Amino acid sequence: MNRFGTSYNNYTVPMDLFDSNSICYFAGVGEDFIFDCIFTEKVLCRGFLIDPTPRSKIHFENVKNVPETSPIPKSDDYQNYAQFEDVLDFFTYCDFGLYAKSEVLQFYPPSSAGAVSHSVDNLKNTNSELGFKAQCYTLRDTMNLLGHDRIDFLKMNIEGSEIYVLHEIVREKLPVRVLAVDFDYLKKYTSPTLEETLTLLESGGFQMVFGENNYTFINRNWEKMQ
């Protein structure tokens, strides 16, 4: 297991399960996609960055044009993206969101003007006038849209929407091999509890292999799905 990213935004993943043929989705980009860059640099796979936030897309385009652009929040670990210049072309940016249904939805802004993360479920109880509307898709519809019959790695830091995607994965038995999840829905909702969500994933064959600031799961049924 290897931990990558910044001190603010990092995940611990079993890198030996991936190679250049892996299909990897990084949902939730914001203005710090250092983890996504490190992962892709080590695996040399095609990475799909998924985030409907206009500011995030602008940040990604700026980084591609000028890799010296600093990630926000600034990190003592990585001051800019210059060392990842060679892997930026491995990414495809997808300016839509993941959710329980496929339609255009309202995104609500964060409570701090300097923050970038917006949420469909209005985690911060803010005014919609300062947010935006964007297309969202279920994970299955996303896979169909991108032409994939499996996902080797799915990272989700999507401000509460992860709970709907996790239910979809288990309910529809979607072929996802490894999950890395930031459980943001807990910032607003008391149900389901974290324990109930972990039980749900266990019922779907997902074994938790890391659980601290973020959680990582491996699908024990993966071989049967191939």
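Guide: A salt bridge here is a side-chain nitrogen of Lys or Arg within 4 Å of a carboxyl oxygen of Asp or Glu. Keep in mind that this is a predicted model.

Visitor: How many salt bridges does the structure hold?
Guide: The general idea comes first. Side chains of opposite charge can pair when their charged atoms come close. This structure holds 11 salt bridges. One of them joins Arg 55 to Glu 31, with the closest N and O atoms 3.0 Å apart. Arg 55 sits in helix α2 and Glu 31 in the loop between β3 and α1, so the pair ties together parts 24 residues apart in sequence.

Visitor: Is Glu 31 buried or exposed?
Guide: Buried means under 20% relative accessible area. Glu 31 has 10%, so it counts as buried. Arg 55, at 32%, is partly exposed.

Visitor: Which residue forms a salt bridge with Arg 140?
Guide: Glu 172, and their closest N and O atoms are 2.5 Å apart. Arg 140 lies in helix α3 and Glu 172 in helix α4, 32 residues apart. Both are partly exposed: Arg 140 has a relative accessible area of 35%, and Glu 172 has 31%.

Visitor: And what about Asp 152?
Guide: Asp 152 bridges to Arg 150, the closest N and O atoms being 3.0 Å apart. Asp 152 is buried at 5% relative accessibility. Arg 150 is partly exposed at 21%. Look also for shared partners: Arg 140, Arg 171 and Glu 172 are joined into one network.

Visitor: Now the sheet. In what order do the strands stand?
Guide: The order is β5-β4-β3-β9-β10-β12-β11, 7 strands in an open sheet with mixed pairing. β5 and β11 each have a single partner strand, so one side of each is left without a neighbour in the sheet. The twist averages 20° from one strand to the next.

Visitor: In which sense do β3 and β9 pair, parallel or antiparallel?
Guide: Parallel, over 4 bridges. Ala 27 stands opposite Met 156 in β9. Helix α3 packs on the sheet and touches β3, β4, β5, β9 and β10. The direction of helix α3 makes about 125° with that of β3.

Visitor: How do I judge the overall fold?
Guide: Compare the radius of gyration with the globule rule. For 226 residues a compact globule would have a value near 17 Å, and the protein has 17 Å, which agrees. Of these residues, 54% count as buried. The protein has 6 helices and 12 strands.

How values were computed: Residues numbered from 1 in each chain as written. Predicted model: local features only at pLDDT ≥ 70, side-chain atom pairs only at ≥ 80, totals over all residues. Heavy atoms only, no water. Pairing = 2+ DSSP bridges. Helix = DSSP H or I, 4+ residues; strand = E, 2+ residues; numbered from the N terminus. Axes fitted to C-alpha atoms, helices over the stretch in contact; angles between N-to-C directions. Contact = heavy atoms within 4.5 Å. Rg over C-alpha atoms; globule rule 2.2 N^0.38 Å. Buried < 20%, exposed > 50% of the residue type's maximum accessible area, 1.4 Å probe, protein only.
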